[in-house]
Amino acid sequence: MSGVTRLNRRSTRKPKGEGHSRRAEILTAAEQIFVKHGYEGATIRKIADQVGLSSTALYMHFSDKQEILHEICRESFEALIALNQAVLAESGEPEARMRRMMEAYVAFGFANPNAYRLVYLTRPLQAPDGGETVAQQLGAELFRSFEAVVEDAEQAGRLRGGARATTQALWAGGHGVVSLMITKPHFDWVDRQTLVNTMMDALFMGLLKP
């Protein structure tokens, strides 16, 4: 399955307590803490300890854990948007590009559960100026890039219904399998890839003309 995996941020590790860590190192440590403890269980102290910084030193890079999680989300979504734009520019049948985008979206959700929860599964966090957060803006941009390839399929006469309804139905299906599996990990799921493929096949058979 194609898709975006968890971002690999590389930086030179510093011995515990020596100087300021790079932002990339803080983000990598924070992502590990968020995965292990969840957003609510993560603290600046835990993140700072893992990096080898004091909390005061960490605050020189990020104001709070919300800003850290937004930055993780921004990096992840920008990578997925770039992948979608590359798929959008490819030649070939639009339904094939739709499938690749769907697979990338689902893979992103599983690889970045905290970023996914922030954007799609929690009450929206407010931006300081009362507008949309960066994560919300990028989520909308991601949706628009997917809608564009569905519109290509509509123009080619491949859809049973309209492009808008088809896009939302596909998104709902992809979101459903991701959100259920990351929030209900103890359910007796079948093999994840089998479930994803079954869901994808059913959606495309129902929404596209034979």
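1. Helices (H or I, at least four residues) and strands (E, at least two) are DSSP runs, numbered from the N terminus. By that rule the protein chain holds nine helices and zero strands. This is a predicted model, in which local features need pLDDT of at least 70 and side-chain atom pairs count only at pLDDT 80 or more, while totals for chains, interfaces and linings use all residues. Residues are numbered from 1 along each chain as its sequence is written, and side-chain values use heavy atoms, with hydrogens and water left out.

2. The predictor's confidence in each residue, pLDDT (from 0 to 100), averages 83 over the protein chain, and 82% of the residues score at least 70.

3. Aromatic rings of Phe, Tyr and Trp (its six-membered ring) pair if their centres lie within 6.5 Å; planes under 30 degrees apart count as stacked, over 60 as edge-to-face and the rest as tilted. The count comes to three aromatic pairs. One of them, Phe 77 with Phe 108, is edge-to-face, with 4.7 Å centre to centre and 80° between the planes; Phe 77 belongs to helix 4 (residues 65-88) and Phe 108 to helix 5 (residues 94-111), 31 residues apart.

4. Phe 143 and Trp 171 form a tilted pair, at 5.2 Å centre to centre and 55° between the planes. Because Phe 143 lies in helix 7 (residues 134-155) and Trp 171 in helix 8 (residues 163-183), this pair ties together parts that are 28 residues apart in sequence.
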